[in-house]
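Please look over the structure below before reading the numbered points.

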Amino acid sequence: LNERGTVMKQSSRINVNLMKDYNKQLVLRTIQKHGPISRVEIANRIELSRPSVSEIVSILIEEQWIEEKPSEIKVRGRQPIPLDINKEKKVIVGLEIGAYATTVIVCNLKAEILYEIQIEMNTHKEPDQMIEYLGQQINSITQTYKEKEIGVLGIGVGMHGLVDTEKGKNIFAPNLGWRNVEIQTILENITQLKVLIDNDCNSAALAEMWFGQGKDESNFISVIVDYGVGASIINGGSIFKGAHHVTGQIGHVTIDPDGPLCSCGNYGCLETLTSEKAILKKVKRKLKMGETSHIINQKFNIEDLTIEDFYQAVNQGDELCLNIAEEIGRNLGIGFTILINLFGPKFIVLGGSLTQISDVLIPNIMRVIQLKVMGEEAKQTPIVTSALENDLYTIGAASLIVEDIFSLPNPNKRF
């Protein structure tokens with residue numbers, strides 16, 4: 001009995017401590033999501049007593065997570081003091097490993113970018129060597145912040161392809177040709193910082209949830225279209241992961257069985273019909289077949305055409321490029337229809353470089369959705385463009401650390 005009683009007392013103390021941690025995280029998360037916000041507003045929002053909130057706030061201020069701000073609202077009696085995240089004392093490193101270059105940012109907890117550098121990918125180096133080099137560069141960058149006694153909270157890594165988030169390694173990155181690279185282990189050994197890794201679509205969805213179109217929303221889908229096509233499903237405020245690291249690979253759903261060969265080995269994937277590479281291939285083929293384009297023909301050599309030339313041509317009303325953009329929209333509409341019928345999101349966020357022609361894409365996407373989606377309400381699922389623009393991937397990478405910092409522990413966990 002005594003032994004059992006001791007175990008029960010220990011378990012009780014652990015659960016009390018866990019509840020304290022939960023409440024502390026809940027207050028911090030509330031300030032991150034809704035700040036500037038007063039102590040009274042926090043207490044009302046999370047249904048925690050005012051003395052408890054005040055005690056937690058004092059701890060968070062002392063630990064430099066939050067700070068008091070000047071009150072802008074004048075009321076009778078004692079002025080409520082707004083609380084917000086401390087932007088000066090803690091930073092995060094975001095690392096976007098792209099097919100052609102890697103971008104490193106340092107940002108604060110409000111996703112305001114303080115430093116940014118682009119590093120070319122050296123294809124002559126082995127993947128392990130490239131990651132080691134990136135770790136050394138990060139050490140040089142973060143040293144300045146450490147000297148100023150600014151806390152570096154961790155490194156978030158976003159990259160394309162299949163990623164094992166639990167083991168911290170990439171499984172396969174088709175555009176880089178990388179397989180089973182121990183990215184997390186290598187970076188942690190070199191930098192001595194916490195490292196989290198996920199595919200760029202998932203990290204971008206977290207960026208939308210914390211800082212973009214999905215803020216305060218718990219059920220939406222983020223779709224990225226640029227050099228590849230991918231999706232991430234936010235369900236109940238968390239990324240839906242699935243069991244085999246392939247969730248959200250909408251770019252590799254077959255749209256046309258007789259279509260072009262894809263990098264994944266299949267034919268007619270959505271990515272082969274809508275990605276930047278696919279677009280340029282189609283434009284060049286049509287021009288070589290004799291079709292005309294007043295804007296694109298300004299290029300002396302067809303092979304010198306860039307995706308930016310295409311976007312410019314679409315936005316200036318070039319007939320050839322408009323027709324291609326409309327076809328891309330219809331093909332994306334098929335992919336979006338699949339997502340809506342499967343997951344029923346409240347809305348879909350479109351991100352990536354193709355948002356530069358969203359005025360043409362979205363109406364064509366919506367026409368297909370309204371024709372093919374089941375249910376009248378679902379047919380009206382809104383498509384919105386990401387507000388994070390060119391910073392989507394890097395802020396997404398940093399958001400992996402943001403999500404980890406502000407996630408809530410399980411108060412019902414048993415020991």
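1. K284, K288 and E303 are joined in a network of salt bridges, a salt bridge being a side-chain nitrogen of Lys or Arg within 4 Å of a carboxyl oxygen of Asp or Glu. Within it, the side chains of E303 and K284 meet at 3.7 Å, N to O. E303 lies in the loop between α8 and α9 (307-315) and K284 in helix α8, so the pair ties together parts that are 19 residues apart in sequence. Helices (H or I, at least four residues) and strands (E, at least two) are DSSP runs, numbered from the N terminus.

2. This is a predicted model, in which local features need pLDDT of at least 70 and side-chain atom pairs count only at pLDDT 80 or more, while totals for chains, interfaces and linings use all residues. Residues are numbered from 1 along each chain as its sequence is written, and side-chain values use heavy atoms, with hydrogens and water left out.

3. Is K284 buried or exposed? K284 is buried, with a relative accessible area of 16%, whereas E303 is partly exposed at 41%. Buried means under 20% relative accessible area, exposed over 50%, and partly exposed in between (1.4 Å probe, protein chains only).

4. The structure holds twelve salt bridges. One of them pairs R39 with E68, the closest N and O atoms being 2.7 Å apart. This pair links distant parts of the chain, 29 residues apart: R39 belongs to helix α2 (residues 39-46) and E68 to strand β1 (residues 66-68). E68 is partly exposed, with a relative accessible area of 40%.

5. K69 and E67 also form a salt bridge, at 3.5 Å from N to O. K69 is partly exposed at 30% relative accessible area, and E67 is partly exposed at 23%.

6. The largest pocket has a volume of about 840 Å³. Of its 27 lining residues, E96, D226, S353, N390 and Y393 are the closest to its centre. A pocket is, on a 1 Å grid over the protein atoms alone, an open set of points where a 1.4 Å probe fits, with protein on both sides within 12 Å along at least five of seven lines; lining residues have an atom within 4 Å of a point. A volume is the space filled by probe spheres set on the points. Helix α12 supplies the largest share of this lining, three residues.

7. The second largest pocket holds about 520 Å³ of space. It is lined by 20 residues, and E271, T272, S275, K277 and A278 lie nearest its centre. The largest share of this lining, six residues, comes from α8.
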